[in-house]
Amino acid sequence: MDYKILIADDEPEIRNLLRLYLENENYHVIEAEDGQRALDLLRAEQPALCILDIMMPKIDGYTATRVIRSTNRQDAKAIPIIAMTANAFEEDRKKALAKGMNGHIAKPIDAQILYEVLDKLAKEQQ
């Protein structure tokens, strides 16, 4: 599968875990250590989906989402963006959706929940 997923998190352990989960499902993974690098890779690699940590150095996940949604990229309004945060309350999920994200996963990452969110977003794209 050549479905590229961009993961952006300043914690290498989180990126490694996500990469393992995603590669296990045959996704192609691109990694960024901060929001600025995520935006650079988004332009260069054209991923089909982004998983962005909310609290990153340089550019946080909310700001990165706003920038992505305002670019002239053909799918800027439609590319699925998943918020990733240690804040797992319902108000955190609602805030992520209000900021233009399409889904929310909490840390520590539960592989089953990650796969469920990916499946839901894939069905919405069809």
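**Reading the predicted chain**

User: Leaving aside its neighbours within four places in sequence, which residues is Asp34 in contact with?

Analyst: This is a predicted model, in which local features need pLDDT of at least 70, side-chain atom pairs count only at pLDDT 80 or more, and totals for chains, interfaces and linings use all residues. Residues are numbered from 1 along each chain as its sequence is written, and side-chain values use heavy atoms, with hydrogens and water left out. Contact means heavy atoms within 4.5 Å, and once neighbours within four places in sequence are set aside, the residues in contact with Asp34 are Ala8, Met56, Pro57 and Lys58.

User: Is Asp34 buried or exposed?

Analyst: Asp34 sits in the loop between strand E2 (28–32) and helix H2 (35–45), where helices (H or I, at least four residues) and strands (E, at least two) are DSSP runs, numbered from the N terminus. A residue is called buried under 20% relative accessible area, exposed over 50%, and partly exposed in between, using a 1.4 Å probe and protein chains only. Because the relative accessible area of Asp34 is 7%, this residue counts as buried.

User: Which backbone nitrogen does the side chain of Asp34 reach?

Analyst: The loop that holds Asp34 leads from E2 to H2. From there, the side chain of Asp34 comes to 2.7 Å from a backbone nitrogen, that of Arg37.

User: Is Lys58 buried or exposed?

Analyst: Lys58, one of the residues in contact with Asp34, is placed in the loop between strand E3 (49–53) and helix H3 (61–70). Although Lys58 is not a glycine, it has a positive phi of about 70°. Since its relative accessible area is 70%, Lys58 is exposed.

User: Where does Pro108 lie?

Analyst: The peptide bond that leads from Lys107 to Pro108 is cis, with omega near 0°. As for its place, Pro108 is found in the loop between strand E5 (103–106) and helix H5 (111–125).

User: What pattern does the chain follow along the sequence?

Analyst: The chain contains five helices and five strands. Read along the sequence, these follow the pattern β-α-β-α-β-α-β-α-β-α.

User: What is the radius of gyration of the chain?

Analyst: The radius of gyration is taken over C-alpha atoms, and the globule rule is 2.2 Å times the number of residues to the power 0.38. For 126 residues, a compact globule would therefore have a value near 14 Å, and the chain agrees with this, at 13 Å.

Methods. A polar contact is a pair of N or O atoms within 3.5 Å; within protein, one must be able to donate a hydrogen and the other to accept it, and residues adjacent in sequence count only if both atoms are side-chain atoms.
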